[in-house]
Amino acid sequence: AKSAGGNRFELADPEADARAITRHGLTTALPTALDRGEFFIEYQPLVHLGDGSVRGAEALVRWLHPQHGVLSPDRFIPLAEHTGLIVPLGRWVLEQSVRQAREWRDRHGGEALGPLRINVNLSPCQLTHPGLVQDTVEILERTGVEPDALCLEVTESALIGADDDLLKPLRRLAEMGVDIALDDFGTGYSNLANLRRLPVSVLKLDRSFTQSMQQFPADPVDLKIVEGIVSLAHSLDLAVTVEGVETGAQAEQLRLLGCDTAQGWYYARPGPPDRLHELALVDATG
Ligand code: C2E
Ligand code: CA
Ligand code: CA
Ligand code: CA
């Protein structure tokens, strides 16, 4: 139930109640879902804007809930963060994704396709967890995947005002050759000068920028902003990936603005690993 403004009367909000009940149910089911094997990962291609080739994929976790069906991460990642399950879940996602990258490599006969890179999201709780570096090293060693093939995505907001203790594990990983991407860039009001301090090599421009490229020609102020971010990023040796590309016009506009890599429904929705394999293969063989 929800109280309406300053009103003394409590108004029933059945939808809010249903949401609360579901949330409670999900929180209860979450801890055992990992053991029951209810999570799976979809992969969305990352495409080079210059030549259209598939360069890798982002791993996106889903929960196949026995009653509710497939749940998107927005429904359960916050709960997993709240309950601490995000640490083992995140480790599982990392291991599965890196294994998958190894399998793509093997099926393609080594370098035939060029190395497909794998991007994995890290929650802020994983950043502060002491096992992060060791877990990552062990997973890479177990699977025989080069650190270069892995990119860890951390949201801009997780790193705002980050002190050295928080950055230390990311620095270690970056020194090993793991790429760190700043996810949802442009939503967190971070100080651009601060970028120099962070061990990141990729900026992922938030979907809101892509959306503003929907009209052609796009709003000149939006164009200037993206242009400015791209030139700043490049001057700091950072690559720029754009998210949420849904149309060819957006892709073209963002390519002209100098963005390096794109991701979005225009190329492919997130899908099963074999689908990525096919897309990359078609791409390599013409
Ligand atoms: P994100 O990292 O910003 O991932 C991009 C989201 O945009 C994904 O939503 C993807 O399916 C969606 N998307 C891709 N292309 C398009 C497009 O062209 N148009 C539109 N409208 N959307 C597009 P998804 O899969 O629902 O994931 C939502 C968020 O959940 C992710 O946002 C990420 O923050 C989080 N997440 C997903 N997997 C993991 C994970 O393994 N660990 C952690 N910590 N977070 C995860
Ligand atoms: Ca991401
Ligand atoms: Ca690297
Ligand atoms: Ca993002």
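In this predicted model, an oxygen atom of ligand 1 lies 3.1 Å from an N or O atom in the side chain of Asp 183. Trp 265 takes part through its backbone. There, a polar atom sits 2.8 Å from an oxygen atom of ligand 1. On its own, ligand 1 has 810 Å² of accessible area, and the protein covers 84% of that.

In total, 21 residues surround ligand 1. The closest are Gln 44, Arg 62, Arg 207, Glu 246 and Trp 265.

Two helices also pack against each other. Helix α5 spans residues 132-143, and helix α7 spans residues 164-176. Their axes come within 9 Å and cross at roughly 25°. Angles under 35 degrees count as roughly parallel, so α5 is roughly parallel to α7. On the α5 side, the contact is made by Leu 132, Val 133, Thr 136, Val 137 and Leu 140. Helix α7 contributes Pro 169, Arg 172, Leu 173 and Met 176. By class, this contact has seven nonpolar residues, one polar residue and one charged residue.

Methods: Residues are numbered from 1 along each chain as its sequence is written. Chains are lettered from A and ligands numbered from 1 in the order in which they are written. This is a predicted model: local features need pLDDT of at least 70, side-chain atom pairs count only at pLDDT 80 or more; totals for chains, interfaces and linings use all residues. Side-chain values use heavy atoms; hydrogens and water are left out. Axes are lines fitted to C-alpha atoms, for helices over the stretch in contact, and angles run from 0 to 180 degrees between N-to-C directions. Helices (H or I, at least four residues) and strands (E, at least two) are DSSP runs, numbered from the N terminus. Angles under 35 degrees count as roughly parallel, over 145 as roughly antiparallel, 65 to 115 as roughly perpendicular and the rest as oblique. Contact means heavy atoms within 4.5 Å. Ala, Val, Leu, Ile, Met, Phe, Trp, Tyr, Cys and Pro count as nonpolar, Asp, Glu, Lys and Arg as charged, and the others, Gly among them, as polar. A residue is near a molecule or strand if one of its heavy atoms lies within 4 Å of it. A polar contact is a pair of N or O atoms within 3.5 Å; within protein, one must be able to donate a hydrogen and the other to accept it, and residues adjacent in sequence count only if both atoms are side-chain atoms. Accessible areas come from the Shrake-Rupley method with a 1.4 Å probe; for residues, only the protein chains shown count as cover.
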